[in-house]
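Hello,

Here is the structure you were going to look at. Please open it alongside this note; my findings follow below it.

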Amino acid sequence: MPPVREEEDIREFPSLGPLEAQVIQVFVDGGKVLGLPRSIGEIYGLLFISPEPLSLDDLVEQLGISKGSASQGLRALKTLGAVREIEREGSRRCHYQADTELKRLVGGFIREQVRPHLESGQSKVARLNQLAGGESDPELQAFFKSRVSQLEYWIGRARIVLPLLQKVLGE
C-alpha cells in the first residue's frame, strides 16, 4: 500500500502544467529518500523536464523559492554532477541543464555523500573499539565489541561494493 501523502508534501506550481508538477514531485520524493532538501528535488525536477536550460531567476519564478535556496540547491547539484552550466548566446546570465546520465548522478552521490561518511565511519569505529574495551562488565564488553565488529564489517563491505557499483555504472 503506498504511503498516504500529507497535504503539505504536495506543492502547487501555478506556472507549470500537471506533467511538469508531477515530474518535480518524483524528484522531491527521490531526494527525500536520499536525505536531500526538497528544493534540490524541485530544482533538479524542473531542469530535468525543461526542454530549455533555465537561469537562476527562471527557477526562482517557476518554483516559487527564494534566490538563496535556488542558488544553494544549484551549487549542491553542480557538486553532485547532476546539473551543468550552459552558456546562451546573447545572455550574460548563467543557465543550467540537468545531466541525465545515471552513472554521473550515482557516481556523484557516492563521491560526495557516501564516501565521506565511510571515511569518517572508519575513524569512529576505532574510537568505538577503545570505548568498548573500557567497559568493566565483561558481558556488556563482549556485546559492545561484537556490535562494533559488525559495524566494521559493514564499512569494509561498503568500501568493496561502492567502487564496483561505480565501475558498473561506467564512472
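Of the 12 residues of H2, 9 are buried, so the helix is largely enclosed by the rest of the structure. Bear in mind that this is a predicted model. The buried residues of H2 are Ser39, Ile40, Gly41, Glu42, Ile43, Tyr44, Gly45, Leu46 and Leu47.

The length of H2 checks out. At 1.5 Å a residue, its 12 residues should span 16 Å. The end C-alpha atoms of H2 lie 17 Å apart, which agrees.

**The sheet**

There is an open sheet of 3 strands. The strand order is S1-S3-S2, and the pairing is antiparallel. S1 (54-55) and S2 (83-86) are the edge strands. Each has a single partner strand, so one side of each has no neighbour in the sheet. H2 (residues 38-49) packs on this sheet and touches S1, S2 and S3. The direction of H2 makes about 85° with that of S3.

S1 and S3 (residues 95-98) run antiparallel and are joined by 2 bridges. Leu54 stands opposite Tyr96 in S3.

**H2 against H3**

H2 also packs on H3, at an angle of about 105° and with the axes 11 Å apart. The two helices are therefore roughly perpendicular to each other. From H2, the contact uses Glu42, Ile43, Leu46 and Leu47. From H3, it uses Leu59, Gln62 and Leu63.

**The cores**

Which residues touch the most other members of the largest nonpolar core? They are Ile43, Leu47, Leu59 and Leu63, out of 22 residues in that core. The elements giving two or more residues to this core are H1 (18-33), H2, H3 (56-63), H4 (67-80) and S3. H2 gives the most, with 5 residues.

Leu47 is worth a look in the viewer. Leaving aside neighbours within four places in sequence, Leu47 is in contact with Leu54, Leu59, Leu74, Val83, Tyr96, Gln97 and Ala98.

A second, separate core has 7 residues. Among them are Ile110, Val125, Ile155 and Leu162.

**Where to start**

Best wishes

Note on methods
Residues are numbered from 1 along each chain as its sequence is written. This is a predicted model: local features need pLDDT of at least 70, side-chain atom pairs count only at pLDDT 80 or more; totals for chains, interfaces and linings use all residues. Side-chain values use heavy atoms; hydrogens and water are left out. Two strands pair if DSSP finds at least two bridges between them. Helices (H or I, at least four residues) and strands (E, at least two) are DSSP runs, numbered from the N terminus. Contact means heavy atoms within 4.5 Å. Axes are lines fitted to C-alpha atoms, for helices over the stretch in contact, and angles run from 0 to 180 degrees between N-to-C directions. A nonpolar core is a set of buried Ala, Val, Leu, Ile, Met, Phe, Trp, Tyr and Cys residues joined through side-chain atoms within 4.5 Å. Buried means under 20% relative accessible area, exposed over 50%, partly exposed in between (1.4 Å probe, protein chains only). The expected span of a helix is 1.5 Å times one less than its number of residues. Angles under 35 degrees count as roughly parallel, over 145 as roughly antiparallel, 65 to 115 as roughly perpendicular and the rest as oblique.
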